[in-house]
Amino acid sequence: MSVAQALFLIFFGAAAVWFGIVVFRTHSMVRSAIALLFSQTAVGAMFLVMQAEFLGVLQIMMMATEMSVMAIFMVMFMMDPGGMGKMDMTHQKRLSLWAGGIGLVAALAVIWGAGWTGPVPPVPGAAEQAAALGRELLGRSMFIFEAAALMILTAMVAATMVAIAPREEDD
Amino acid sequence: MTLAIILFALALGCYLIAVLEDWAVHGRLDPLRPAVSALALLGREQVLPRKSDRLFFEVGPVLLLVAGLLAVAVIPLAPGLIVTDLATGALFLNAALAYVLVALIMAGWGPNGAYAMIGGWRFLGQFVAYAMLIVMTITAVAMRAESLSTTEIVTSQAALWNVFYQPIGFVLFVIAAMGLAWLPPIDLPTGGGDLAGGVEAEYTGARLAVLRLARLVIVLALASATATFYLGGWLGPWLPAWAWTAAKTLAVAAAMLFLGRHLPRLREARYLAVSWKLGIPLALANIILVGVIALVVPI
Amino acid sequence: MNGLTGAREGARAGVAGGLRRMVARAMARDLCAFFVPGMDVARARGLDLDAAGLHRADTPRRANVLLVAGPLPPSLLDAACVAWAQMPRPRAILALGAGEIAPLPGPDVAEDLSQSGLAAGLAALRRAVAAGAFAPEVTDFDAPALAVRVEYTCPMHPEVVSDKPGSCPKCGMDLVEREASAGDHGGHAGADETGGGGRRGHEGHGSDNAPAPSRAYTCPMHPEVVSDKPGSCPKCGMDLVEREASTWDHGRHAGAVETGNGDHRAHEGPGGHDTHDTPAPSGVYTCPMHPEVVSEEPGSCPECGMTLVPKDQAGDHAGQVHAKQQGHGGDSGHGGHGSAPEVPGIEPHFMSMVDMTRDLPASPDGLRMEWIEVPFGPFFPGLPGGLGLTFTLDGDSVAAARAESLVPGVLAPGLPAAELADRLAAQGPLAPAALRELACRALEAAAGAAPPPEWGAARAAALERARIASHLNWLAGLARQVGLVTLERRVAALHQRLRQADAADCARVAPALGALGARVRGTPLLRDRLAGIGQIDGRAAAEAGGPVARAAGHAVDARADDPAYAALGFRVIAGKDTGTGGDAWARLVQRLAEIDQSLDLIARAGAIAEAAHSADLLAELPSDGHAMARVETPRGPSTLHLTLQGGTIAEARLTTPFARLAAQIGPMTAQMELAEALTAVASLDLDPWGARP
């Protein structure tokens with residue numbers, strides 16, 4: 001990895017973390033959602049720096065739309081989505097602190113325990129990566145992805161059903 | 001050098017599209033008008049609406065411009081004349097243009113005006129209609145080229161342009177692209193008679209100039225993407241390669257700009273219904289057809 | 001030229017250097033007008049902005065010229081002040097026959113109200129802008145309509161309103177600033193014109209008559225802890241928060257939540273929701289899945305284990321379960337319900353949408369969202385000028401609508417009979433010919449005289465020409481509204497040709513009008529856009545009168561009883577002739593058919609003469625008496641009641657179709673998507689001018 005790459009990686013990593021912090025520091029729901037979006041975009045940019053072009057572009061594309069949809073739900077359902085009343089974005093602090101702490105420890109353990117030495121294998125070209133990813137998706141992992149797709153579809157239908165308010169005549 | 005040429009082409013293209021748009025709207029051809037308007041716009045006061053979300057208000061137009069510029073970066077003007085020939089170019093175009101949505105939501109939310117806000121969120125609804133169509137038609141294009149690289153997509157059309165190879169995809173892509181660039185009759189976020197400018201309503205002066213420029217870049221990006229994906233990009237006899245790309249791009253842009261002036265603005269529910277109930281099955285059929293043709297008849 | 005006089009209220013601060021001079025010249029070439037009171041009035045007055053080389057702005061933010069045409073009533077001048085304040089500098093005012101326009105600053109250029117006046121005014125304005133777009137010193141514009149009172153309110157408890165910043169006594173959140181208008185113009189004069197920046201309409205707030213609740217304090221985590229004094233929770237030590245234990249004016253609370261991004265006015269007391277006093281909390285809980293399970297204690301369902309929810313006793317919200325007690329303990333409205341499961345570490349009802357949205361008004365689709373009130377008008381680009389339309393929006397669907405005329409007509413008593421026709425016609429720039437006819441007929445009725453038949457036919461022809469012009473003007477507005485700019489241009493050009501045409505000219509325009517009709521009917525997607533929109537049927541349609549009623553198949557037309565029309569062989573066209581029924585498309589087809597019919601009537605009459613009363617007629621007028629006349633105006637029947645006293649007109653009561661048509665808006669637009677609702681309103685062809693206040 002070249003120095004420039006490392007610098008970019010650090011930059012985007014820091015951006016991802018900073019936007020992640022903003023998610024909780026802002027009072028506005030919409031800002032919070034957009035900050036989460038840019039945090040994920042920065043992660044996508046990190047993929048790009050690490051030469052995982054397809055994954056990076058995909059991440060950047062998907063997050064834009066997902067977070068926008070999330071933002072509209074916040075505006076629709078939340079009181080005070082603009083944060084005029086200095087709403088606090090943190091909830092269940094004790095649980096969150098524990099979860100965050102455990103996550104940090106686990107990440108550090110992985111970093112510590114992984115064997116970082118050894119020759120780095122050459123990264124295949126972006127086109128090769130995309131082709132390999134396609135073979136993987138349509139080969140070995142096809143079942144997993146199809147199953148996941150079906151589950152998401154089921155969840156979508158179920159969520160819609162739950163969201164529809166029971167009407168008087170249904171009771 | 002490549003970058004300089006492309007930037008020059010981009011600026012010229014935007015100016016020509018602005019002339020075309022002015023012609024389409026006002027029914028009069030005035031080649032100087034965009035320059036005059038831009039100059040006048042830059043001299044005007046910039047109003048900051050009260051209680052605006054200042055950050056969103058400022059970032060929205062800039063993000064829109066950045067999204068458009070990134071999209072243009074993967075479009076080849078001629079062989080070798082491309083900012084970056086990504087192996088995932090067609091997907092990258094999508095990713096960049098996804099931020100049009102984010103930018104419009106920010107620009108709509110920022111100024112704290114009802115029309116702007118409704119316009120911004122309306123674009124999200126519009127996005128739900130066009131997004132799948134763009135991705136699915138590009139999928140079929142990439143299938144034929146066996147690559148996501150935009151230059152390879154162009155060279156794959158040497159024997160037959162995609163507009164003839166997959167006409168359904170072409171029509172769907174153009175309709176979806178008009179939705180993405182919020183061109184009439186799918187200009188729901190800014191509709192003049194509905195929302196009095198919508199997302200653009202609160203912007204004045206230089207900020208409005210940036211917003212307008214960004215819109216032009218996006219129209220240019222989509223017109224050139226249509227030319228690249230379906231009209232064979234730089235391919236063509238007699239003229240130099242760049243001239244073909246430019247001519248095709250401008251022709252597509254003119255068609256997009258003039259078509260909408262003769263049609264009433266679509267109803268949002270209608271656009272969604274048609275996109276999902278008719279557009280997506282057609283796009284799927286297009287993918288299957290292209291797949292079958294690509295396997296059976298080698299063109 | 002000493003530049004933008006309007007004093008220095010129009011120029012932008014800055015010394016005019018070389019670059020600035022170039023920019024100023026560009027601005028002078030690039031004039032863009034915000035037309036007050038509206039493009040329909042501009043067309044009716046014979047102004048063609050395109051021909052004068054002036055672009056038109058949809059919002060004041062986009063304009064650099066405020067073009068005021070004709071005298072305006074004070075309410076519209078106040079609204080124009082807001083538009084002026086929203087325009088970015090450099091800006092200028094061009095007044096065409098407007099007379100005194102205070103509280104607006106004096107016009108930079110004033111001309112008479114005609115196309116040549118417009119052209120001359122523009123030329124002068126271009127010179128003024130080129131010379132004086134920038135001035136070293138500028139003054140701020142201020143007008144009473146712009147005055148706002150800043151008040152502070154709690155985002156969660158909109159009934160809390162204070163003059164000073166501070167924190168909410170109910171939940172402790174910081175109060176946020178909002179603006180209320182200081183003036184007493186019935187809440188509308190200052191309302192935002194096209195939704196530009198500072199929305200400063202009247203902000204009714206619910207503090208006046210909300211019931212005084214008794215105070216109770218509870219723990220956000222342990223709702224069973226209730227105290228009548230503030231303090232901390234004995235179980236977890238958290239600060240107790242206030243809740244209201246008494247009856248709660250549900251509607252007021254439900255509607256009046258300010259949207260977060262500032263000053264969109266919240267809806268107050270939505271129809272059907274207000275004055276719904278929910279009873280004090282009483283413990284009836286039920287399972288969302290098993291309604292037969294009813295318990296007096298919170299807990300979980302014996303059949304499925306789900307948490308029981310409070311049962312709605314009032315039960316008028318389509319089965320929506322909603323609170324009987326104030327649920328917002330803490331920051332985002334969670335906590336406070338006895339039914340919450342006690343999961344350690346998880347707040348009760350954490351992120352529960354049911355909790356957060358329970359006090360919001362529910363629309364029929366069951367989705368609870370905040371409602372915002374958005375003004376459209378009086379200068380909205382897609383609607384008639386002078387119409388004050390307010391939609392209460394639930395997302396992008398219309399929950400409630402209110403329409404009123406900001407340009408009502410008032411005739412001062414003691415008016416000489418000779419002036420009646422002119423005064424009445426001046427009140428209605430959109431239909432002066434019809435009002436003139438109405439005035440003459442009323443005077444004729446009072447005098448007991450009738451015009452000779454050939455005279456009557458020519459007057460009928462003048463009325464029909466006004467009808468064609470009015471329908472074309474409407475069509476241009478509708479084309480604008482749905483984004484058909486080419487059609488708008490074409491229709492406006494035809495309108496200008498026909499506006500003052502004589503019978504022979506009308507015959508020459510007829511083929512072009514026929515082609516226009518075919519073009520409109522054949523416009524791709526237009527039928528799709530209009531069909532099914534704004535359906536009005538049955539009795540409501542019959543009451544509406546005019547083309548709206550006829551489009552729905554009711555053959556109601558005041559012309560049917562008119563001998564002058566009978567002589568011309570008039571026959572009422574109604575929906576069954578055009579083969580459509582009751583929606584916006586039907587109204588379009590109906591009006592196109594009426595244009596053809598009117599052309600035919602003009603051809604038969606052979607001459608056009610606008611109504612006028614002779615001196616003989618005035619001499620025959622009785623000094624005291626009462627008379628009434630009725631005319632089918634382009635929008636429906638108008639009636640005029642005259643009371644003569646001592647030779648002058650003591651009272652002239654004009655009833656225009658506006659009120660009847662405006663009454664349709666509420667039921668018609670209920671639950672429609674915003675754009676469709678606006679199209680539906682536009683399809684009614686409202687004329688707010690001269691409506692009864």
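Helix axes are lines fitted to C-alpha atoms, over the stretch in contact, and the angle between two of them runs from 0 to 180 degrees between N-to-C directions. In this predicted model, the axes of helix α8 (residues 167-180) of chain B and helix α10 (residues 205-230) of chain B come within 10 Å and cross at roughly 165°. Because angles over 145 degrees count as roughly antiparallel, α8(B) is roughly antiparallel to α10(B). The crossing in which α8(B) passes α10(B) is right-handed. On the side of α8(B), the contact is made by Phe170(B), Phe173(B), Val174(B), Ala177(B) and Leu180(B), while α10(B) contributes Leu222(B), Thr226(B), Phe229(B) and Tyr230(B). The residues of this contact divide into 8 nonpolar, 1 polar and no charged.

The next topic is the nonpolar core. The largest one holds 306 residues, of which Leu220(B), Val36(C), Leu66(C), Val68(C) and Ala80(C) touch the most other members. Helix α5 (residues 114-145) of chain B gives the most to this core, with 19 residues. Leaving aside its neighbours within four places in sequence, Val36(C) is in contact with Leu66(C), Leu67(C), Val68(C), Leu72(C), Leu76(C), Ala80(C), Ala83(C) and Phe379(C).

Finally, there is the meeting of two chains, where 19 residues of chain A are in contact with 21 residues of chain B. On the side of chain A that touches chain B, the elements giving two or more residues are α2 (29-49), α3 (53-77) and α5 (126-138) of chain A, and α3(A) gives the most, with 11 residues. The residues of that side divide into 14 nonpolar, 4 polar and 1 charged.

Definitions and conventions: Residues numbered from 1 in each chain as written. Chains lettered and ligands numbered in written order. Predicted model: local features only at pLDDT ≥ 70, side-chain atom pairs only at ≥ 80, totals over all residues. Contact = placed C-beta atoms within 7 Å. Helix = DSSP H or I, 4+ residues; strand = E, 2+ residues; numbered from the N terminus. Nonpolar A, V, L, I, M, F, W, Y, C, P; charged D, E, K, R; others polar. Core = buried A, V, L, I, M, F, W, Y, C linked by C-beta atoms within 7 Å. Buried ≥ 20, exposed ≤ 12 C-beta atoms within 10 Å, placed from the backbone. Parallel < 35°, antiparallel > 145°, perpendicular 65-115°, else oblique. Left-handed = near helix turned anticlockwise from the far one by under 90°.
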